[in-house]
Amino acid sequence: MNQIRNIKGTHDILPENSHKWQELESIVKNVCSRFGYQEIRTPIFEETGLFSRSVGEETDIVSKEMYTWEDRDGTSLTLRPELTASVVRSFIQHNLGGQSPIQRLFYMGPLFRRERPQKGRQRQFHQFGVEAFGSANPEQDAEIIAIAWHILSQCGLIENTVLNLNSIGSGECRNAYRNALKDYISPHLDQLSETSQKRFINNPLRILDTKSERELDLLKDAPKISNYYTEDDDTHLESLKNFLEAMNIPFTINHRLVRGLDYYTKTVFEFNSSQLGAQDAMLGGGRYDGLVEVLGGRPTPGIGFAAGMERFLIAMDDQDRGNNDPIVDIYFVCLDEKGLPRTLQLSNELRNNGFKVIFDPLRRSMKSQLRDANRSGARFALILGETEMNDNAIGFKDLKQGTQKTIAQSEVTNFFDNLTN
Ligand code: HAM
């Protein structure tokens, strides 16, 4: 029979790596809670319309990357390709805006996009992210960027990362700019790639995203969006720049940064890493002041970001962080079937006192169990054989120092507490 394997573009996270995930998750939780952000968890699948209405019908994500199917009752469902839309849906549905004028939320979890898999790009991947609802002011943008900055710093990634910042302006500005850009590109249309020609019709700003040298050259003298900012767009960006400078967060203004989702207004940003190769975006986000209303809520400004956890872990792998946390503290060697109830009982008492304890459910010989104990990385072994059982005692062995002694069973937990204090 053919062995069933995982689906292309998905990955197993094995025990040898899961501790790295836990480390990243705990940094994210820590930093977010220091900024007063609370966790939100939403379902992995949603009605398809949620994503087409928010991310945009013409985006790559919605037009070609979603895993969509018809449920038995005919509803079109989709595995979430991003989390902002789901969080906004939940924000509206549970009237979170009514509970407090500012909502500060963070999340972590898997997402699904049917992209061509490569290093740092998968079909099932994971993001952590934050979303803040309620403030249209630039200090909120600054706070969101500061959260990203803190997490990157704590992960030791700040040195190799650049913050690219842009404002794509309000709707009014974007309309005027879109026309100007189209006028500029129009005479050169036949020189553009097929993708860019499509974008010219659906979303001309995305042409700025091109990586093709030829197209970049062509765009060299293209009009800049900053020339189309309203006064409000301009002051918003200037204030944000001041706030970032006040926090010593360096940034590069990149007028070509437009991002691939339709809901953005004004501020957009990305942290790009020099450690990642082609898929160098560690984290991306921006302001989406119209999105809550588009999805049927009361007009509420919002801003957030999401980061690719796999990409963080690839970059973090370049550092030697090591895992010094032992998997096991005590290996319980039981040599007599009659000793099993006592083994299970004493192991639990030790676990209640905070020790990591394993025993051998294969009933192997003393020699094999001690070999296994050494392999497990345990610092200590407890040995319960027939003699010990008769004496209400237990053998203790320090596997590092090789010392051993016999202790009373009633003293086991005290003994370990004293040993480690
Ligand atoms: P995004 O730029 O589509 O934004 O994704 C954010 C990050 O997710 C990327 O910078 C990248 O690190 C990671 N990522 C995206 N696709 C993949 C993939 N196929 N494999 C591995 N990693 C990937 C959003 O998702 C927005 N919801 C961000 C946001 C939140 N904007 C406002 N709030």
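Around the ligand stand 27 residues, of which Glu82, Glu115, Arg259, Tyr264 and Ala281 come nearest; a residue is counted here if one of its heavy atoms lies within 4 Å of the molecule. The structure is a predicted model, in which local features need pLDDT of at least 70 and side-chain atom pairs count only at pLDDT 80 or more, whereas totals for chains, interfaces and linings use all residues. Residues are numbered from 1 along each chain as its sequence is written, and side-chain values use heavy atoms, with hydrogens and water left out.

Polar contacts were taken as pairs of N or O atoms within 3.5 Å; within protein, one atom must be able to donate a hydrogen and the other to accept it, and residues adjacent in sequence count only if both atoms are side-chain atoms. A polar side-chain atom of Glu115 is placed 2.6 Å from a nitrogen atom of the ligand. Backbone atoms also take part: a polar backbone atom of Gly304 lies 3.5 Å from a ligand nitrogen atom, and a backbone N or O atom of Phe305 lies 3.4 Å from a nitrogen atom of the ligand.

Phe305 is also among the residues touched by Phe128, as are Leu24, Tyr107, Ile151 and Phe312, contact meaning heavy atoms within 4.5 Å. Phe128 and Phe312 touch the most other members of the largest nonpolar core, which has 87 residues. Helix α6 (residues 138-154) gives the most to this core, with nine residues. Another core, of 15 residues, lies apart from it and includes Val357, Leu382, Leu384 and Ile394. Such a core is a set of buried Ala, Val, Leu, Ile, Met, Phe, Trp, Tyr and Cys residues joined through side-chain atoms within 4.5 Å; buried means under 20% relative accessible area, exposed over 50%, and partly exposed in between (1.4 Å probe, protein chains only).

Val357 is the bridge partner, in β13, of Ile330. Strand β12 (residues 330-334) pairs with β13 in the parallel sense over three bridges; pairing requires at least two DSSP bridges between two strands. Helices (H or I, at least four residues) and strands (E, at least two) are DSSP runs numbered from the N terminus. The open sheet contains five strands in the order β13-β12-β14-β15-β16, with mixed pairing. Its edge strands, β13 (357-359) and β16 (404-408), each pair on one side only.

His236 belongs to helix α10 (residues 231-246) and counts as buried because its relative accessibility is 5%. His236 and Ala136 are 100 residues apart in sequence, with their C-alpha atoms 9.3 Å apart.

Definitions and conventions
Lists of a residue's contacts leave out its neighbours within four places in sequence.
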